[in-house]
Amino acid sequence: RAGVCNSCRDCWTCGEVEVVCRREGCRERDMFDHFGIGKRLKKGKTCHGQGHPQVLGSGSRGNSLHLEHGGRAILVDAGLSAKQLESRLMQVGAEAVELMGVILTHEHGDHSAGLKTFLKKRKCPVYASNGTKDALEPRLATADWRAFEAGARVEIGEFSIETFPVPHDAAEPIGMRITAGSIRIGLVSDLGYVTRWYRDWE
């Protein structure tokens with residue numbers, strides 16, 4: 001589903017209203033620049049429902065996803081600048097939600113570039129596989145690291161996260177399935193190919 005550049009009817013993250021991009025050449029990865037996730041709607045409200053993943057950024061310019069449940073939230077990856085992360089959290093109405101932690105899929109810059117500065121304002125733990133932690137720790141030595149092996153289950157407040165290894169050119173990259181209450185969301189980033197392990201897990 002593509003974003004809308006000039007005739008938005010609703011926020012694409014909710015899925016309540018189908019939206020179609022009418023801008024020739026518009027690409028889904030450029031959705032935020034053209035459309036703005038969490039754009040103010042007709043009634044002046046921000047489209048922000050608990051349990052709906054809010055994609056703050058996706059693509060080579062930076063990846064990050066915000067997920068809220070029960071008034072608390074987690075952030076998956078922080079590949080945007082800290083300024084962009086804060087701005088986009090505000091746009092989706094999540095700037096004041098308690099952030100329980102940031103969990104990283106892997107160490108590449110488009111998934112972690114904004115983390116150091118972001119953590120200066122948002123004091124929260126960073127969850128990462130052992131390999132990802134080891135790769136990032138030299139420049140993030142003061143972070144509150146919570147390391148685990150790929151394939152482990154991680155509990156962050158109300159969020160139960162089942163991790164699994166993925167084939168990517170990183171130290172110890174992971175995908176994950178996040179459960180919070182009755183909500184279950186699967187997330188895979190930079191999946192080189194679908195392995196037998198992943199098919200069995202799915």
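This is a predicted model: local features need pLDDT of at least 70, side-chain atom pairs count only at pLDDT 80 or more; totals for chains, interfaces and linings use all residues.
Residues are numbered from 1 along each chain as its sequence is written. Local features need pLDDT of at least 70 and side-chain atom pairs count only at pLDDT 80 or more, while totals for chains, interfaces and linings use all residues, and side-chain values use heavy atoms, with hydrogens and water left out.

The mean pLDDT (the predictor's confidence in each residue, from 0 to 100) is 77 for the chain, with 69% of the residues reaching 70 or more. Over residues 1-49 the pLDDT is below 50, and this stretch has 91 contacts (heavy atoms within 4.5 Å) in the model beyond near neighbours in sequence. Six helices and ten strands are found in the chain, these being DSSP runs numbered from the N terminus (helices H or I, at least four residues; strands E, at least two). Of the 202 residues, 50% are buried, that is, under 20% relative accessible area with a 1.4 Å probe and protein chains only, where exposed means over 50% and partly exposed lies in between.

Strand β9, residues 174-180, is mostly covered, since seven of its seven residues are buried. Ile174, Met176, Ile178 and Ala180 point one way from the strand, whereas Gly175, Arg177 and Thr179 point the other way. In a regular strand the side chains alternate between the two faces of the sheet.

Pairing of strands requires that DSSP find at least two bridges between them. Strand β8 (residues 159-165) runs antiparallel to β9 and is joined to it by six bridges, with glutamate 162 opposite arginine 177. Strand β10 (residues 183-187) pairs with β9 over five bridges, also in the antiparallel sense, and here alanine 180 stands opposite isoleucine 183. Two residues lie between the strands in the hairpin of β9 and β10, where glycine 181 takes a positive phi near 65°.
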